[in-house]
Every structure is written in structure tokens, then in C-alpha cells.
Amino acid sequence: MLEKLRGKRMMFVGDSLNRGQFVSMVCLLHRVIPEHAKSMESFDSLMVFTAKDYNATIEFYWAPFLVESNSDDAVVHRIKERIVRPGSIMKHARHWKGADIVVFNTYLWWMAGHKMKILRGPLGGDGTKNLTEMVTEDAYRLALRRMLKWVEKNMDPRRTRVFFTSMSPSHHSSKEWGGDPRGNCYNETTPIEDATYWGTSASKSMMQVIGDVFEATGVPITLLNITQLSEYRRDAHTQIYKKQWSPLTPEQLANPTSYADCIHWCLPGLQDTWNELLYAKLFFP
């Protein structure tokens, strides 16, 4: 893999689930690189791992909607009312220019309701007069088309590769797999064995949008379809074993289910499998 990356920039662009896949990739590769020949740096929305002897970088860029939004700050982005500008991508995309391999993802941040707030003008100031609501699937379609338009204009298919990771499922209700109606992924230690299992967190209508948009484009983009294989892994989330950004209350401590993270994944773990699929598709398109 490092030989494949020699002299290249590999970039993961998206939300915290894509950051998890980036961290997984770095963890899988850095162990064979001596300490003096590698570095990890952060610049606002950008994280860069460098393998110096290979003149290669693996990078992550925070853009949870890919297009511009009011959640673009890499640190402070927990905003109640999310607003996107589906036609506006250059604020982010100027940082992707020159990348040889790009892995995009965007899904979770769109799932805040049936409608998304769309801004036609610039963010900030009195932009509310240009604010409209749009069905989430339609807004998602606009954003994916904008991303593809950028790829078409800025990435040469003869020397670059573009991937899109499908939606990562969550496991918030154990009732969905026949468990305790009050439970979630907390304390789950085995995968779901029903091969047909599909929970409510992965929207089939959003999946359909991905299929429709990618089928209609001439842009060569490889779909990394991780949704079904990840659906089984109720046991693979970080649960309560993660950094807590604010102190836990006595009530939460008494009830771990209440603060278990059933969205993000443990490493080592499932996302290493996503990267093995990525590796296979990179070498055998």
C-alpha cells in the first residue's frame, strides 16, 4: 500500500466516520514506518499524516456535508439548526486540489429531519431572507452532483482515483434486532446473525439517491459499499469507551446506555475492513 502511495496524496473528505476510516488507514500503515520517518499534523479542518521516505501523505479534511454549511468548524460544529449551501463547494474543495486518491463520505449530518434548510446566499449576516426548506433527499442529490462536477473539472481520471463510502449504520435501539426495548449497542459483544438485517438508521431512499446520481454520471467514481456488512456489527461501536467531551452526570454514570456512542466505531475494528475493501478496489479496479 505504501508503494502504491509513493509520491502521492491520499485524502479522506467528510465527517467523523470518514475521520475514523482515515485513522484506521494511518494505524494500519504507520507501524512499518520508523518513528523518525513519519509525522502527524493538524491545520484547522485538515489532518496530515506524512510518510517521509515515501514522499506520501494520507490526509483528512472535515466537511460533513461536502458542500459549505454552518457546521464546517472542525471543533465547534454541534449546531442545532443545520444550514447548507448545496451549490457552494469551493471553500472546501480548494484544499483537495492536487490529491491523487480521494475518499468522500457524507450522510449522517443530513439525517436531522425530513427537510433541510438551504441557503441560496452567503453564510453569516442576514442570510435568513435567502433561506428555504428542501426535502432532504433532494438537497442530498444537489450536494452529490456538485461534488461530482468538481471532480470532473479538477481530477484527471487517467492518474487519479475517486471513491465514495456509503452510509455507516448506527445501532441506537436493540428492539430492532429483537433485544431489550430500552437497550442500544451498549454491552453488545456479538454481531447480528440475521443476514437480511437492515436497521432504521440507514435510509434506503438516501441510498437510492447515491445510486441514481452515480449511475447518471460519466465521472469514474468507485462506490465503497460498506452499509450492509456494517449493519451486522452492533458490537463494534465505541459504546462508553471513548473521550467524553463534557463531564458525565451521576445519572448518566448510573445508566451507561444513556451515553453509549452507537455511531462511531472502535479501532482496531470494523473500519479496518472498510480499508481492506478500499485497498482491493485501488489495486483491482
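Here are a few notes on the cavity and the aromatic contacts in this predicted model.

1. Starting with the inside: searching the whole structure turns up one cavity of 30 Å³ or more. The lining is made up of D15, L17, N105, Y107, L108, T165, S166, M167, S168 and W274. By residue class that splits into five nonpolar, four polar and one charged.

2. On to the rings, where the count is 12 aromatic pairs. Take F22 and F60: their ring centres are 6.1 Å apart and the planes sit at 35°, so this pair is tilted. F22 belongs to helix α2 (residues 16–30) and F60 to strand β4 (residues 56–62), so the contact ties together parts that are 38 residues apart in sequence. Both F22 and F60 are buried.

3. F164 and F214 make another pair, with centres 5.3 Å apart and planes at 85°, so call this one edge-to-face. Distant parts of the chain are linked here too: F164 is in strand β10 (residues 161–165) and F214 in helix α5 (residues 204–216), 50 residues apart. F164 is buried, at 0% relative accessible area. F214 also counts as buried, because its 13% falls under the 20% cut-off.

4. There's an aromatic cluster to look at as well, formed by W62, F65, W109, W110 and Y140.

5. Finally, charges over rings. K4 lies over the face of F283, 5.0 Å from the ring centre. K204 has its charged end over the ring of W198, at 5.0 Å from the centre.

Technical notes:
Residues are numbered from 1 along each chain as its sequence is written. This is a predicted model: local features need pLDDT of at least 70, side-chain atom pairs count only at pLDDT 80 or more; totals for chains, interfaces and linings use all residues. Side-chain values use heavy atoms; hydrogens and water are left out. On a 1 Å grid over the protein atoms alone, a cavity is a set of points where a 1.4 Å probe fits but cannot get out, and a pocket is an open set with protein on both sides within 12 Å along at least five of seven lines; lining residues have an atom within 4 Å of a point. Grid points are joined across faces, edges and corners, and a volume is the space filled by probe spheres set on the points. Ala, Val, Leu, Ile, Met, Phe, Trp, Tyr, Cys and Pro count as nonpolar, Asp, Glu, Lys and Arg as charged, and the others, Gly among them, as polar. Rings of Phe, Tyr and Trp (its six-membered ring) pair if their centres lie within 6.5 Å; planes under 30 degrees apart count as stacked, over 60 as edge-to-face and the rest as tilted. Helices (H or I, at least four residues) and strands (E, at least two) are DSSP runs, numbered from the N terminus. Buried means under 20% relative accessible area, exposed over 50%, partly exposed in between (1.4 Å probe, protein chains only). A charge sits over a ring if NZ of Lys or CZ of Arg is within 6 Å of the ring centre and within 35 degrees of the ring normal.
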